[in-house]
Amino acid sequence: MQLVAVDIGGTHARFALAEVETGRVVSLGEAVTLKTADHASFQLAWEEYGRHVGTPLPKATAIAVAGPVGGEIIKFTNNPWIIRPAMIPEKLGADDYIVVNDFAAVAHAVAQAGPVHFQHLTGPDEALPETGTISVVGPGTGLGVAQLWRDGGRYRVQPTEGGHIDYAPLDAIEDAILARLRKRHRRVSAERVVAGPGIVDIYETLAGIEGHPFTPREDKELWTLGASGEDSLAAAAVDRFCLSLGSVAGDLALAHGASALVMAGGLGLRIKDTLLRSGFADRFRAKGRFEGLMAAMPVKLITHPQPGLFGAAAAFAQAHHI
């Protein structure tokens, strides 16, 4: 069965044709990326994609959205689109559809992607287990967290709000990061530190500790400067981010009772080389009496080029038992 897979974020909407069979994704076509700002509604973007394809679109769709799902109306934080799921058959001509959270889609991608789409980060260099729980953690604009439960050929995805657990500092530098954030937030969640924008507060905290004057910078600029090594303070901030990410990822895996963890998200891909060189692995394992348990847990990075689209199609296949 063929369907249109869609992955909608604040800035871009991605479309691709997918083929599914017996609950799994058979193929995913070339992705087409449209800017949400260039289209007044999702329906108009859908129609533009149809013109790009040049043939009638399938009457089925799987849509991953960056935000909560399940209500009568889906709104987006960073674009003016509104989706009313009940109107999808009328507006898009898709009689069969599913709408899922974007990070739930990523967890579906983890469940169905082949070994070629995973890179080893730490722990035993072995395949992801076929039974038990796999934690899926994705630092990006926010911190996505999901649980993937496997039982042989079957699996289930549980979206969570695990990115909003309390941030737990482990040393004096992280105490200082927490103190800085607490001036603005009554409660400081892990997402405030180990998501993309968190690099700003880490950078400015380190500047204060070093007594260095600094020019306020956007998070994207700091990631570029830090990853390249062009700015030593930004590079130190990226290293500190990796330490904190290891701690948070380990906490989540321990809380989930996981037997493996998969890192996802565009930021994870961007800093994968830094992750491998950093103290991420040491922090992931550093769980006191459970250090041996954590050391035996494979930790991987999903490298699929379009996990949102692939995962949306996988979610459709599972939901419709196609």
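Modeller: In this predicted model, a residue is called buried when its relative accessible area is under 20%, exposed when it is over 50%, and partly exposed in between, using a 1.4 Å probe and protein chains only. Residues are numbered from 1 along each chain as its sequence is written, side-chain values use heavy atoms without hydrogens or water, local features need pLDDT of at least 70, side-chain atom pairs count only at pLDDT 80 or more, and totals for chains, interfaces and linings use all residues.

Biologist: Why is F214 called partly exposed?

Modeller: The relative accessible area of F214 is 33%, a value that falls between the limits of under 20% for buried and over 50% for exposed, so F214 is partly exposed.

Biologist: What makes Y203 count as buried?

Modeller: Y203 has 5% relative accessibility, which is under 20%, and therefore counts as buried.

Biologist: How do you know that Y203 and F214 form an aromatic pair, and why is that pair called edge-to-face?

Modeller: Rings of Phe, Tyr and Trp (its six-membered ring) pair if their centres lie within 6.5 Å, and planes under 30 degrees apart count as stacked, over 60 as edge-to-face and the rest as tilted. The centres of Y203 and F214 are 6.4 Å apart and their planes stand at 80 degrees, so the pair is edge-to-face. Y203 lies in helix α5 and F214 in the loop between α5 and α6 (219-228), so the pair ties together parts that are eleven residues apart in sequence.

Biologist: Why is the pair of F15 and Y49 called stacked?

Modeller: Among the seven aromatic pairs of the structure, the pair of F15 and Y49 has ring centres 5.0 Å apart and planes at 15 degrees, so it is stacked. Both F15 and Y49 are buried, and together with F42, W46 and W81 they form one aromatic cluster.

Biologist: How do you know that S278 is buried, and what lies 3.0 Å from a polar atom of its side chain?

Modeller: S278, in the loop between α9 (272-277) and α10, has 18% relative accessibility and therefore counts as buried. The backbone oxygen of L275 lies 3.0 Å from a polar atom of the side chain of S278.

Biologist: What puts the buried residues of α4 on the same side of the helix?

Modeller: In helix α4 (residues 172-182), E174, I177, L178 and L181 are buried, and they cover an arc of only 95 degrees around the axis, which puts them on the same side of α4. The arc is taken from the directions from the helix axis to the C-beta atoms.

Terms used. Helices (H or I, at least four residues) and strands (E, at least two) are DSSP runs, numbered from the N terminus. A polar contact is a pair of N or O atoms within 3.5 Å; within protein, one must be able to donate a hydrogen and the other to accept it, and residues adjacent in sequence count only if both atoms are side-chain atoms.
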